[in-house]
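Hi,

Here is the structure I promised to pass on. Have a look at it first, and my notes are below.

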Amino acid sequence: MTTLSRRESLILLAAPFGLAMLGAARATGERSGRDPQPRRLKILVAGGHPDDPESGCGGTIARYSDAGHDVVALYLTRGEAGIEGKSHAESATIRTAEAVHACAILGAKPRFVGQVDGDTRVDRAAYASMRELLVQERPDVVFTQWPVDTHPDHRAVSLLVYDAWLRTGRSAALAYYEVLTGDQTQLFRPTDYVDISGVAARKRSACFAHASQKPEEWYPAHERMSRFRGVEHGCEHAEAFIRHDRGPALPPPA
Ligand SMILES: [Zn+2]
């Protein structure tokens with residue numbers, strides 16, 4: 001009897017062309033679960049603005065990165081409308097530099113989609129662009145913002161990533177993260193948690209890299225959130241997620 005690894009079972013369950021994918025995976029030895037070395041994962045963390053991946057997911061980014069996985073922080077915009085008194089171009093320059101700095105702290109690689117803060121589009125071209133991006137990146141895990149959110153740019157990135165995930169065969173794990181819950185994220189009932197107690201200080205530094213966004217005003221709310229999620233999860237600090245149950249489970253950040 002042929003037994004399937006868990007990854008192989010997930011390929012069969014999740015992908016429209018599961019058998020073909022399984023054959024290819026076995027032929028190359030890739031993703032078969034039989035590699036002697038743990039496989040290096042590609043993690044994609046999408047957010048509407050510089051500071052969203054860091055505040056919602058910064059501890060989890062650091063944990064995956066520390067475990068040797070490749071993490072890409074994907075910013076839908078460069079925060080063009082995010083600094084009062086500055087032009088879009090000036091704000092984009094400042095906030096891009098802040099994002100690059102924050103990514104260096106967390107061990108992630110920044111990538112910018114090229115939409116404009118406050119004027120994000122969810123249309124046929126934007127869907128196609130995000131789908132192409134997922135095809136290029138081939139992530140094993142995708143994190144994005146939860147769509148029930150008071151900020152339209154957060155809703156935009158969530159819908160675009162969800163559509164791209166659907167249309168690329170649901171082969172990656174998909175999990176939604178929260179930002180400023182109660183104020184921005186709403187109706188968030190977690191299914192999964194990551195213990196970030198050991199990297200909470202780095203998450204804080206990455207958030208404070210966004211100096212133009214006055215992190216001293218909003219970081220305390222995230223500190224309270226991570227402590228509360230920690231209580232739920234049984235640790236000091238945690239980040240919480242809602243995982244889509246039609247995709248693979250979240251691999252532990254180890
Ligand atoms: Zn944002």
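Which handedness does the β-α-β unit made by strand 1, helix 3 and strand 2 have? It is right-handed. Do keep in mind that this is a predicted model.

Going through the pieces: strand 1 (residues 42-47) runs parallel to strand 2, and the two are paired over six bridges. One of the contacts there is Ile43, whose bridge partner in strand 2 is Val71. Strand 2 covers residues 70-77, and seven of its eight residues are buried. Strand 2 also pairs in the parallel sense with strand 3 (residues 109-115), this time over five bridges; Leu74, for instance, has Arg111 as its bridge partner in strand 3. To get from strand 2 to strand 3 the chain goes through helix 4 (residues 88-106), and this β-α-β crossover is right-handed.

Helix 3 (residues 52-66) is worth a look too. There is a kink of about 80° in it, centred on Gly58. Because 13 of its 15 residues are buried, helix 3 is largely enclosed by the rest of the structure. After helix 3 comes Gly68, with a positive phi near 95°.

Then there's the zinc ion. Its protein donors are His49 (ND1), Asp52 (OD), Asp52 (OD) and His154 (NE2), at 2.1 to 2.5 Å, and along the chain they follow the spacing H-x2-D-x101-H. The angles between the four donor atoms run from 54 to 139°, so the arrangement is irregular. Both His49, at 6% relative accessibility, and Asp52, at 3%, count as buried.

Cheers

Terms used: Residues are numbered from 1 along each chain as its sequence is written. This is a predicted model: local features need pLDDT of at least 70, side-chain atom pairs count only at pLDDT 80 or more; totals for chains, interfaces and linings use all residues. Side-chain values use heavy atoms; hydrogens and water are left out. Donors are N, O and S atoms within 2.8 Å of the metal (3.2 Å for Na, K and Ca); water is not among the atoms, so sites may look incomplete. Four donors count as tetrahedral if all angles lie between 85 and 135 degrees; four count as square planar and six as octahedral if opposite donors are over 155 degrees apart and all others between 65 and 115; anything else is irregular. Buried means under 20% relative accessible area, exposed over 50%, partly exposed in between (1.4 Å probe, protein chains only). The bend at a residue is the angle between axes fitted to the seven residues ending there and the seven starting there. Helices (H or I, at least four residues) and strands (E, at least two) are DSSP runs, numbered from the N terminus. Two strands pair if DSSP finds at least two bridges between them. A crossover is right-handed if, with the strands pointing away from the viewer, the path from the first strand over the helix to the second runs clockwise.
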